[in-house]
Amino acid sequence: MDDTKKKKVILDVDTGSDDAVAIMLAAMSKELDILGITVTWGNRPVDNCVENTLRVLELLGREKEIPVYRGCPQPMVRYLTKQRNAALEKDGISIVEDGVEYSVHPAYLNLPKAAARAQPKHACSFLTETLLASEEKVTVIPVGPPTNIGMAFRMEPAIADHIEEVVFMGGAVDMGNITPCAEANFYHDPEAAKIILDSGVPCRIVGLNATHSAELNLDDAKTLKKIGTPAAVFAGELIEVRVDALKRMGNGNGYSDAIHDALAVACVLDPSVITDERLLRCDIDINGGASDGQLVVDRRMGSEPDENVKSRVVMKADKEKFFGMLCERFRGER
Ligand code: BDR
Ligand code: CA
């Protein structure tokens, strides 16, 4: 596809098992022009996430074309007040059995050590410079704690005029995963999420309601592995790793799990994967209590969105369509 017709995107990741699938989906979709991948902390410390991101790009042979930028190693402000983390009993991503760690997000993805390196520029500088210089509006896809993007808004609020849409993986309308109310990405940097939501840029929120409505399972993993390309095989392995780790932790159903971040990319590629989406007033709790970091969605009768409301909340997605997209792209069919 002619580069000028491609949708310009920037991915912001904390790679991460499901981030890895998201990166592969984006990188193997010819209709996207990935201007860069910015990396933050979250699933693991930022340096692990950078290394994991580079490993994934090398698996695809795309490390020379897609620049990677190291970003913020911690949230904007949340750790300044330690007591705000009281609701967080445990991180819930790993368990150690007989000295072996089983994790939904292994410290390092099971791929060869990367030879490539991140760019010398800081992720936030890359974001502000690239967005301000872009004549065409860019879609920004944060699928980790949105620290880098929140910081970029603080550095240069004018980036808002250059953003087509921010498509988050974050938040939950009903039930959180890291605390009873909060989803991990928004919990880890609620101020950053709030800055972006309040900025007035169009936002699409792909939260836990959506991602769990389109879980992938062990049979899907088998199908992917049979496809046989490096991306398909690795995505199949990652589904297995996630399901196994959750089962060992006494969590999940032992058969399927949400591959959260990849669904956010799928929504950018083809919004028809969304089967239920609502334009609603959204806020983030930053008050430090039991619901700290919660996405607060106003669903009351009579609270119909006015023209200032720019948040589209994805509630459900079409699992078969989502899985079909992954198979098609990982086969290299587009
Ligand atoms: C989100 O948190 C991270 O663990 C995942 O990569 C995903 O982005 C799900 O709550
Ligand atoms: Ca993530």
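This is a predicted model: local features need pLDDT of at least 70, side-chain atom pairs count only at pLDDT 80 or more; totals for chains, interfaces and linings use all residues.
**Entry 1: Gly16**

A residue counts as buried when its relative accessible area is under 20%. I placed Gly16 in the loop that joins β1 (7-13) to α1 (17-27).

Next I looked up what touches Gly16. Setting aside neighbours within four places in sequence, I found contacts with Asn43, Asn52, His105 and Leu109. I also checked how far Gly16 sits from Ala152, which is 136 residues away along the chain. Their C-alpha atoms are 22 Å apart.

**Entry 2: Asp18**

I moved on to Asp18, which belongs to helix α1. Is Asp18 buried or exposed? Its relative accessible area is 4%, so I noted Asp18 as buried. Again leaving out neighbours within four places in sequence, I listed its contacts as Asn43, His105, Arg242, Ile259, His260, Asp261 and Ala262.

**Entry 3: helix α8**

Then I turned to α8, which runs over residues 218-227. Which residues of α8 are buried? I found Asp220, Ala221 and Leu224. Looking down the helix axis, I saw that the buried residues of α8 fall within an arc of 105°, so they line one face of the helix. On the face turned away from that buried side I noted two exposed residues, Lys222 and Lys226.

What do the buried residues of α8 pack against? My list has β9 (216-217), α9 (230-248) and α11 (319-330).

**Entry 4: the whole chain**

Finally I stepped back to the protein chain. I counted 11 helices and 14 strands. The radius of gyration is 18 Å, close to the 20 Å from the globule rule for 334 residues, so the chain is as compact as a globular protein of that length. Along the principal axes, the C-alpha trace spans about 50 × 50 × 40 Å.

For the surface, I noted an accessible area of about 14,000 Å², with 50% of it belonging to carbon and sulfur atoms.

Terms used:
Residues are numbered from 1 along each chain as its sequence is written. Chains are lettered from A and ligands numbered from 1 in the order in which they are written. Side-chain values use heavy atoms; hydrogens and water are left out. Helices (H or I, at least four residues) and strands (E, at least two) are DSSP runs, numbered from the N terminus. The radius of gyration is taken over C-alpha atoms; the globule rule is 2.2 Å times the number of residues to the power 0.38. Accessible areas come from the Shrake-Rupley method with a 1.4 Å probe; for residues, only the protein chains shown count as cover. Buried means under 20% relative accessible area, exposed over 50%, partly exposed in between (1.4 Å probe, protein chains only). The arc is that of the directions from the helix axis to the C-beta atoms. Contact means heavy atoms within 4.5 Å.
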